[in-house]
Amino acid sequence: MVLFPSDDNILGRVQLSTVIVDSIRLFAAPPALDSMSQAFSVEQCRECWEEFINDSVKVFLGVIQMFGLNPARQREKIVCCIEDFSTLQAEAERAENAFDLYYFGQESSINLSLTSFVMLHTLYLIKYHFYLSFYLDLFASFEYSYVYWYLNEVVFKWLVNTLDRSITLVAAGEKRMLKVRKKSDRKKMSKCKKEIEMKKKANEKQRFLLFYRAQAKIAEAFFMAAVALIASGKIRMPLSDLEQSRFEHRMSPFSSLSSVTFGISLFVEYTQFIHISRIESLRMLGGAKCFSIAADAFDWARGELESLTGNDEIAQEAAAIARICKNNSVVSRIISSGSKNEVNFVTLWYSLYNIFNLII
């Protein structure tokens, strides 16, 4: 539980700004936070950094407070939080530009560490927004195609990209620190607790990377299953104008996440969805073929998830989702063979963030 008295201290002891700075260090190890760095001696760098951290405190405080509401109110409030992160992204870019000027011509660079940090948490919020929509049963069956397409093409793939960048940035940070240490210090460092902790964090990120890559494949499988149901007439589609209206309504919470702000577009228009997803061409393949493709995707994801062994939370959730993949793969293959005609999506809530259904 997080308690906020009259200030921004967590449990009245640790400042939220300290938590955010430590999180940035663990996520990206920016050179500005190196012990030998002189970047904060430059006024512009110091001012941009302080402004970014102060704004981050306000934004993350809003997110924490949002979790104190009921699911319906959370879903309303989360839109404001996403807009705040969009503004914070601009602050992150400004801070990075200031540091890049300081490091210009040097081997070290800020390397998108702040913008990637903001991007990661923005994607988490988008994913949670979709979870709340599933939890509150707000999606019509014909919406599954573009919901799962968006989760696959935007949310999970960019989560993978962002975590992969984090691993690269942290590795670069470790390499920088090794260069400034004496040889004798390196031997001591190899056995110290801090390095063990860093390696543990890196392994954890690799597990998350695999976990989200598998979830991207599952979302792709559900997209294909939804297309198959549409192609076979099991899901009735509304008029195109109504479908576009519903699509735009679902995307409206992300309208502030433009490509200008994030360098990529987390906001997708209906025409982009139709063009990029090639949904019309996929529907022409027929339900049997689409279900066969979905089955292959479920099988691939299941194999990845089953490699996440252990007793931690990721392994437990991966095992639960792997069981869904196993069932859905079997059912999809049966349907593709023509042995089964009736099919439904049944939602099973294995965990707080599970947004995948059981096909029966």
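Is Arg 25 buried, exposed or partly exposed, and what is its relative accessible area? I looked this up first in the model, which is a predicted one. Arg 25 is partly exposed, because its relative accessible area of 34% falls between the limits of 20% for buried and 50% for exposed.

**Entry 1: a pair within H1.** I then searched for a partner of Arg 25. Arg 25 forms a salt bridge with Asp 22, and their closest N and O atoms are 3.0 Å apart. Both residues belong to helix H1 (residues 16–28), where 3 residues, about one turn of the helix, separate them. Asp 22 also counts as partly exposed, at 36% relative accessibility.

**Entry 2: a pair within H5.** I noted a salt bridge between the side chains of Lys 157 and Glu 153, at 3.3 Å from N to O. These two residues are 4 residues apart in helix H5, so about one helical turn lies between them. Lys 157 is partly exposed at 37% relative accessibility, and Glu 153 is partly exposed at 30%.

**Entry 3: a pair across the chain.** I turned to Glu 143, which forms a salt bridge with Arg 250, the closest N and O atoms being 2.8 Å apart. This pair links distant parts of the chain, for Glu 143 is in the loop between H4 and H5 while Arg 250 is in helix H8 (residues 240–251), 107 residues apart. Both Glu 143 and Arg 250 are buried.

**Entry 4: the whole structure.** My search of the whole structure gave 13 salt bridges. I also recorded a network of salt bridges that links Glu 51, Glu 91 and Arg 94.

**Entry 5: Thr 162.** I located Thr 162 in helix H5 (residues 144–180). Thr 162 has a relative accessible area of 1% and is therefore buried. Apart from neighbours within four places in sequence, Thr 162 is in contact with Phe 27, Ser 116, Met 119, Leu 120 and Leu 123.

Entry 6: How do H3 and H4 run relative to each other, parallel or antiparallel? The axes of H3 (residues 71–102) and H4 (residues 113–135) come within 9 Å and cross at roughly 165 degrees. That angle makes H3 roughly antiparallel to H4. Their contact has 17 nonpolar, 8 polar and 3 charged residues.

I next examined H12 (residues 287–306) and H13 (residues 313–336), whose axes come within 8 Å and cross at roughly 155 degrees. H12 and H13 are therefore roughly antiparallel, and their crossing is left-handed. The contact of H12 with H13 has 12 nonpolar, 5 polar and 6 charged residues.

Terms used. Residues numbered from 1 in each chain as written. Predicted model: local features only at pLDDT ≥ 70, side-chain atom pairs only at ≥ 80, totals over all residues. Heavy atoms only, no water. Axes fitted to C-alpha atoms, helices over the stretch in contact; angles between N-to-C directions. Parallel < 35°, antiparallel > 145°, perpendicular 65-115°, else oblique. Nonpolar A, V, L, I, M, F, W, Y, C, P; charged D, E, K, R; others polar. Buried < 20%, exposed > 50% of the residue type's maximum accessible area, 1.4 Å probe, protein only. Contact = heavy atoms within 4.5 Å. Left-handed = near helix turned anticlockwise from the far one by under 90°. Salt bridge = Lys/Arg side-chain N within 4 Å of Asp/Glu carboxyl O.
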